[in-house]
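Here is a friendly briefing to read with the model open beside you. Please take a look at the structure first, and then walk through the points below.

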Amino acid sequence: MTIQECYDMLGGSYEEVLGRLYSQALVEKFVGKFLADQSFQRLDATLAEGNFEEAFRAGHTLKGVADNLSFTKLKDSSSAITEALRAQNHDQALQLLPQVRQDYERTVGAIRAYQG
Amino acid sequence: MEQKKLEHRHKILVADDSEMNRFMLRNMLEESYEIIEAEDGLQAVAVLNKMGPEISLVLLDIVMPNMDGFGVLAAMNKYHWIEDVPVIMISAENTKVYIERAYDLGVTDYISRPFDIMVVRRRVINTIMLYAKQKRLVGMVADQIYEREKGNNLMVAILSHIVEFRNGESGLHVLHIHVITEMLLKHLAHKTDKYPLSQAEINLISTASALHDIGKIGVPEAVLNKPGRFTDEEFAIMKSHSKMGADMLADLPIKDEPLVKYAYDICRWHHERYDGRGYPDGLAGEDIPISAQVVALADVYDALTSERCYKKAFSHEKALEMIANGECGAFQPLLLECLMEISDSLREELAVRSVAMDDYQAMENVAAEMLQSKDLSSTDRTLRMLEHERMKYQFFASMSQEIQFEFSLIPPMLTISEWGAQRLGLDENIVDPYGNARVLELTGSERLEHLSRIVRQTTPEKPDSEYECQITINGEPRWHRIIFRSMWTSERPIQYIGVIGKVLDIHEERSRLMELEHQATHDGLTGLLNHRAAKEVISARLGQDSSQEFALVMLDLDYFKQANDQRGHQFGDGVLQHTAQRLCQSIRRNDVAARVGGDEFLVLLECNGDPESVVDRIFQTVRGEYEGFPISLSMGVAETQSGGRSYEQLLHRADQALYAVKRNGRGHYRFYDNSMEEMLSVLSPIDNAGEESQ
């Protein structure tokens, strides 16, 4: 599997990220590091506890990371949940969580498949 | 890669709660910069507090736990860090109000997400370059102030005071040497690049010049202040002062300080001559450090143009002529040229310079140096060296026993450097230190109040001051010097906002100096005050309370010469020590005893009524015998009641009364009366051969 195929599989744009980082090696390094990022787990856990303030920060971080890596689908869904939390629209945020989870798991799956 | 490591790398603080983001920025920048990470706002503030302007740039996220990016910016404004450390915002937040608020709080630039590696690197380098120039100027000034502050220390003040005290020279000698040395060095640096001398080095050498004669503390007073020609033996003793001074400095615990190193060279070699005919080592030519060469020339010039106990003052012109003719030994021709070229300004300068003008001069020097360097890019190498020096200073400060602190008034908070907090057994951050029990335990509330009084006396124009007190370290009270600068708002109304400073442990230094001062004011054999100190102490007591009456007793051992002649000098010394001991036993706490001649002693008695009973007790206690040697004494007494109150008047009358006793067969005492007015003097020099001379 190529890095391009990995990006296709997780719903992101490899052209876009390479245009910003200029090096395939750097993209691969950052993508690999994403597996250790805990912002989705924090989002999930804090929402379950009803700690919406912390959930906002976690969503915000996840959105920023996804944006930087051009994980387009994950960026879109995490951005939506962050905006819902910013507006203190808690019910809507809870409804948006499954989509974020799906995009996150798809992203992690694609990266693991790429790494072999 | 090895080359990269040796270069000075700018430090960038990355404050972002996402490890992923920090990881990305680190990877983009770490090839050219040193990256420091902070996981939230509080950590970022702590790093800034600790490293200050060492940080070249902050990359700041806005949405963070504990303290957000706006909180960090607020703190940076409050402590004025934002003036020295630029901030680039890196938030994923791109709402317009957020960005505007960040600019209002002083951020320099904004990098939006997603990151473009070229944009990140370009913005970072632009921002750092812009601020670096400004910061280097600040660095140059700090360097200068650092050297000055170290130069103006207690050691120089006390040591040079001691030497003058014993030499009977006015304080002007030390000041003159300072001025002449500084002028010669400046002219030399201007005239030739044979010696690379920076302004800071010139300041240090000039300050160190004050110590050139400290070795004289080891020269006996009889030799030091002898009016006539020296015998060969006396000259040999006199000559030993240069090496002795150097040895004293080599023993100091702070001997590695640049100031002390210069002082060592100067002490040891300021009597060497360019042709190798000086002492103590007979160095010639450039083997003599330039600092010592310059001070040697300054010393000769000032000695010629000043009055000394063995000579009159020569005129400026005559002195220059004598030096040029080689009458005071050989100097480097280049230095002689310098002296001749600054001749006119030297004479004027010496006439007008006073101690108070000294600091003003130093400021002018800094200003001149900065003007010279206005094209900073062309002197980049020099500036890098300065930066390097500053790094070295910071490193050594962290290695040395130094406690650095900052106190802010609102909120009342004391921040102490990591090493300092550990040394003092305090937390690094203390809210309301005046109410903190641990802080009070260290100094006591009285000293803390004294310190805050001194702080309140500073002004925005004169913000620097210092305070010496004992601080309890691990249960042991130790002397410390607190050097500080008060901080003020830059806008009107100007208000006091806090203090920065450091605490130096000066315990060893101070104990040693106190010991030296004791040596300078006391007779080495008997431990009593020496003649000069006795005069000071007695004069002060006489002037203190005009209603208190005193009696001055002059005491002389009869036939003391026989003790020396028959049983040797060591036995003679024993007699003197025994006498001093008995004398101390017979006087009261407020009385003053001194040894003022070979076998002559002086006692000042407080009189509350007739002093005869005390005088008699002294007489009876001291007389008797010492190891088979009969001790007989003669005493002359003068009272303030019966005449003038000055030390000289009293001494003169006691001296005459003593002479009257000696003429009438010795072995008794008498009070001064008018019949003794025409009597001669008994007082002999202190050299254990007293009764032979005069």
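**Confidence and ground rules**

Over residues 685-694 of chain B the pLDDT stays under 50, and the model has 24 contacts beyond four places in sequence for this stretch. Here pLDDT is the predictor's confidence in each residue, from 0 to 100, and two residues are in contact if their C-beta atoms, placed from the backbone, lie within 7 Å. This is a predicted model, in which local features need pLDDT of at least 70 and side-chain atom pairs count only at pLDDT 80 or more, while totals for chains, interfaces and linings use all residues. Residues are numbered from 1 along each chain as its sequence is written, and chains are lettered from A and ligands numbered from 1 in the order in which they are written.

- For the complex, the predictor gives an ipTM of 0.90 and a pTM of 0.37.
- Chain B has a mean pLDDT of 80, with 82% of its residues at 70 or more.

- Chain A has seven helices and zero strands; helices (H or I, at least four residues) and strands (E, at least two) are DSSP runs, numbered from the N terminus.
- Chain B comes to 27 helices and 18 strands.
- Of the 116 residues in chain A, 41% are buried; a residue is buried if 20 or more other C-beta atoms lie within 10 Å of its own, exposed if 12 or fewer, and partly exposed in between, with C-beta atoms placed from the backbone.
- In chain B, 34% of the 694 residues count as buried.
- Among contacts in chain A between residues at least 6 apart in sequence, 52% join residues at least 24 apart.
- For chain B, residues 24 or more positions apart account for 61% of the contacts with a separation of 6 or more.

**Where chain A meets chain B**

- Chain A brings 19 residues to the contact and chain B brings 16 residues.
- On the side of chain A that touches chain B, helix 2 (14-21), helix 3 (24-34) and helix 5 (52-68) of chain A each supply at least two residues.
- Helix 5 of chain A gives the most to that side, with eight residues.
- By class, the side of chain A that touches chain B has six nonpolar, six polar and seven charged residues; Ala, Val, Leu, Ile, Met, Phe, Trp, Tyr, Cys and Pro count as nonpolar, Asp, Glu, Lys and Arg as charged, and the others, Gly among them, as polar.

**A six-stranded sheet in chain B**

- The open sheet has six strands in the order 8-7-6-11-10-9 (chain B), with antiparallel pairing; two strands pair if DSSP finds at least two bridges between them.
- Its edge strands, each pairing on one side only, are strand 8 (429-431) and strand 9 (464-473) of chain B.
- Strand 6 (residues 402-408) of chain B pairs with strand 7 (residues 413-416) of chain B in the antiparallel sense over four bridges, and B:Phe405 stands opposite B:Ile416 in strand 7 of chain B.
- Strand 6 of chain B is also joined to strand 11 of chain B by seven bridges, running antiparallel, with B:Leu504 in strand 11 of chain B as the bridge partner of B:Glu402.
- Nine bridges link the antiparallel strands 10 and 11 of chain B, and B:Met487 stands opposite B:Gly498 in strand 11 of chain B.
- Helix 21 (residues 445-457) of chain B lies across strand 9, strand 10 (476-488) and strand 11 (496-505) of chain B, at about 170 degrees to strand 9 of chain B; axes are lines fitted to C-alpha atoms, for helices over the stretch in contact, and angles run from 0 to 180 degrees between N-to-C directions.

**Strand 12 of chain B and its partners**

- Strand 12 (residues 549-557) of chain B is largely enclosed by the rest of the structure, because eight of its nine residues are buried.
- Strand 12 of chain B runs antiparallel to strand 14 (residues 600-607) of chain B, joined by eight bridges, and B:Val603 in strand 14 of chain B is the bridge partner of B:Val553.
- Seven bridges pair strand 12 of chain B with strand 17 (residues 633-639) of chain B in the antiparallel sense, and B:Ala551 stands opposite B:Glu639 in strand 17 of chain B.
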